[in-house]
Amino acid sequence: MGSAQRGGTRSSAVGVGTVLLFISSLLPYSRAGQGDAIARSDFNWGAEEWEVFGPGKLAIYERGGMLYGSDNGRTVWYFSAPDKYLGDRSLSHGGKLKFRLGHSEYMSNGKDMIKDWDVILESRDWRIRVGVKNLIPPWVGATSNDLAIDEKSWTVMKGQGQGHSPTSIQFIRLLSSLSAIYIRGGFYDGHEETWLDSVLMEEGDHHFETLQRRVEKHHHEPLRKKREAEKKRLEDEEQEMLVAAGELPPPEEPAPPTPTAEEVGEMIAARLAKGRAPAPPPAVETVDVRGAR
């Protein structure tokens, strides 16, 4: 009886210790967030709002848990990521963009694979676009890709520093206002059907507070001006609609500004130069300086 009780106590202690050890082993990972999924697409339930981007007649559809796109000729086109990958994705800095890509069929028409950008990140707010080339090898049916989300792995396609790696500030700005992610689907001269699967954006290994300070320092200014301009535009449009509906009186025309003494003198001199008598001078704003010291 007593032996059984002691055995139960040892078993409970071992069990509690194992659980605590397991939890403690997870804590550093949880704090750092490295490898956590920011966004994921497995296409088990459809296209998940992915689209195709590019010229020509394109098609996009889901089949067998994979996303497919197809073309009918020499066209460079891209799979375009949905909103869950976009916006403020600064936490992905230092992380990974992973995906599988392949062809179910393609026709090269005897020509080499078209050379172009394979993956593109874009921020329209910051007017910067970066890309990666030579990621997808030619004549390979399927590839698993593990792309680092850091400034050293990308090249500026558009914007300051074009043709070079972006600076840390440029890259953080881009990630903090990400407007597009494009993954290439068009590679060959003839018809092709390309599939995309297992897309994952992972969080990077960084100190969150430090990263946030960098984002706040380098992110807000142009976006603040853009938001103010957009707010003013919406307010003006709303006022015009209310005036047109008769719910508000039309805005008063602003009174013309009162000319200065120098402007009056120039007007008189101009009339005299034309041989005309000077018109009575308009009222000039005066300031009473009596008593001023």
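**Close-up views of a predicted model**

**View 1. Ser108 is a buried residue in a loop.** The relative accessible area of Ser108 is 15%, which is under 20%, so this residue counts as buried. The structure shown here and in the other views is a predicted model. Ser108 sits in the loop that lies between β6 (96-106) and β7. Leaving aside residues up to four places away in sequence, Ser108 touches Trp139, Tyr188 and Asp189.

**View 2. An open sheet is formed by 6 strands.** The order of the strands is β2-β5-β11-β7-β8-β10, with antiparallel pairing. At the edges stand β2 (51-53) and β10 (155-158); each has a single partner strand, so one side of each is left without a neighbour in the sheet. From one strand to the next, the twist averages 30 degrees.

**View 3. Strands β7 and β8 run antiparallel.**

**View 4. The largest pocket holds about 180 Å³ of space.** The pocket is lined by 13 residues, of which Met113, Ile114, Lys115, Asn134 and Pro138 are the closest to its centre. Sorted by class, the lining of the largest pocket has 6 nonpolar, 6 charged and 1 polar residues.

Conventions:
Residues numbered from 1 in each chain as written. Predicted model: local features only at pLDDT ≥ 70, side-chain atom pairs only at ≥ 80, totals over all residues. Heavy atoms only, no water. Pairing = 2+ DSSP bridges. Helix = DSSP H or I, 4+ residues; strand = E, 2+ residues; numbered from the N terminus. Axes fitted to C-alpha atoms, helices over the stretch in contact; angles between N-to-C directions. Buried < 20%, exposed > 50% of the residue type's maximum accessible area, 1.4 Å probe, protein only. Contact = heavy atoms within 4.5 Å. 1 Å grid on protein atoms, 1.4 Å probe; cavity = no way out; pocket = protein on both sides within 12 Å on 5 of 7 lines; lining within 4 Å. Points joined across faces, edges and corners; volume = space filled by probe spheres on them. Nonpolar A, V, L, I, M, F, W, Y, C, P; charged D, E, K, R; others polar.
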